[in-house]
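User: Please take a close look at a single part of this model and describe how that part sits among its surroundings.

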Amino acid sequence: MAATGERTTVSVDGYGPSGRSAWLDVDWRRHQRWVRVEGRWLNVVDLAPDGTPAGTVVFVHGLSGCWQNWLENLPFFAGTHRCIAMDLPGFGASEMPAEPISISGYARIVDALLHQLGVDRAAVVGNSMGGFIGAEVAIAHSTRVERLVLVSAAGLSTGDGRSARLVPIVRATRAVGAWSAWLATRSEALVRRPRARRAIFQIVAPHGERLPGPLVAEQLRGSGKPGFVDAFAAIVGYPLRDRLQRIAAPTLVVWGEDDPLVPVRDAWTFGDLIPDARVVVYEDTGHVAMLERPAAFNALVAEFFAAEREQQVA
């Protein structure tokens with residue numbers, strides 16, 4: 001692996017998964033569980049390898065997301081690690097939280113969930129709002145976080161009250177939310193058409209038509225949930241920039257050069273502000289690198305985990 005602190009932009013062959021995705025052959029019902037956290041039920045997926053896990057990885061989705069945002073990654077990492085993914089309160093199948101939604105509140109819930117599941121330390125992987133939450137966990141609950149992976153994380157251009165550039169995005173996402181009930185009943189038919197996949201996914205990815213229909217259909221499950229408006233307000237109103245230097249966990253920042261939601265310049269800023277963070281930017285990639293470039297993403301993150309373990313042993 002390259003030295004910590006490296007900044008690179010890379011070209012990756014292939015877009016989306018290649019061949020049959022492993023998640024299609026997983027009986028997810030065997031790994032789903034309901035966990036009571038702060039008086040509310042969380043929908044949690046918990047997978048473990050056949051042997052002794054090399055560690056635990058918790059995956060945190062973004063705004064309007066759900067645990068299915070990690071379908072292309074969970075089976076891969078579950079071969080070596082215990083993998084935990086949840087629907088954040090107010091999203092997916094989880095209940096709304098007891099208290100008003102906030103980034104600090106979500107970080108506290110992630111910490112409490114890991115405590116309840118018997119996890120002392122974990123690698124935290126977060127996309128978009130989930131990256132913002134992951135960074136907050138690493139700051140406010142630092143002993144819980146072994147390693148941190150930020151994937152197109154919110155919190156810089158999308159935080160500190162800088163919401164003007166997000167107005168068109170909010171309108172578009174609210175529109176998707178308003179259509180969610182209709183989409184849920186027709187998603188399987190809609191996603192069979194490449195043009196429909198492109199239209200549905202264009203807010204986050206430049207080539208939605210190249211992604212498999214079943215994968216796109218699963219992503220729609222996060223649309224139109226009651227937590228959206230409050231979570232968006234939490235993102236734009238919570239300061240992060242001046243506290244990033246407090247992150248002590250080894251950090252990998254992954255971005256898409258053509259991210260339509262959070263500008264790629266934020267990747268470099270995260271790299272500058274987090275001590276010794278490594279930054280990798282994928283060309284011709286949007287906001288969800290873990291779905292758009294799953295093989296490259298999984299290999300990169302696995303390499304990051306392995307290198308950090310080797311350093312700990314040394």
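Analyst: In this predicted model, E38 counts as partly exposed because its relative accessibility is 36%, and the side chain of E38 meets that of R108 in a salt bridge, 2.6 Å from N to O. This pair links distant parts of the chain, since R108 belongs to helix 2 whereas E38 lies in the loop between strand 2 (32-37) and strand 3 (40-47), 70 residues apart. R108 likewise counts as partly exposed, at 30% relative accessibility.

The part to examine is therefore helix 2, which spans residues 103-116 and reaches 20 Å from its first C-alpha to its last, close to the 20 Å expected for its 14 residues at 1.5 Å a residue. Buried residues of helix 2 include I103, Y106, A107, V110 and D111. The side chain of D111 meets that of R144 in a salt bridge of 2.8 Å, N to O, and because R144 lies in the loop between helix 3 and strand 7 (145-151), the pair ties together parts that are 33 residues apart in sequence. R144 is buried, as is D111.

Helix 2 also packs against helix 3 (residues 129-140) at an angle of about 70°, with the axes 9 Å apart, so the two helices are roughly perpendicular to each other. In this contact, I103, S104, Y106, A107 and V110 of helix 2 meet M129, F132, I133, E136 and V137 of helix 3; by class, the contact has eight nonpolar residues, one polar and one charged. After helix 2 comes G118, whose phi is positive, near 80°.

How values were computed
Residues are numbered from 1 along each chain as its sequence is written. Side-chain values use heavy atoms; hydrogens and water are left out. Helices (H or I, at least four residues) and strands (E, at least two) are DSSP runs, numbered from the N terminus. The expected span of a helix is 1.5 Å times one less than its number of residues. Buried means under 20% relative accessible area, exposed over 50%, partly exposed in between (1.4 Å probe, protein chains only). Axes are lines fitted to C-alpha atoms, for helices over the stretch in contact, and angles run from 0 to 180 degrees between N-to-C directions. Angles under 35 degrees count as roughly parallel, over 145 as roughly antiparallel, 65 to 115 as roughly perpendicular and the rest as oblique. Contact means heavy atoms within 4.5 Å. Ala, Val, Leu, Ile, Met, Phe, Trp, Tyr, Cys and Pro count as nonpolar, Asp, Glu, Lys and Arg as charged, and the others, Gly among them, as polar. A salt bridge is a side-chain nitrogen of Lys or Arg within 4 Å of a carboxyl oxygen of Asp or Glu.
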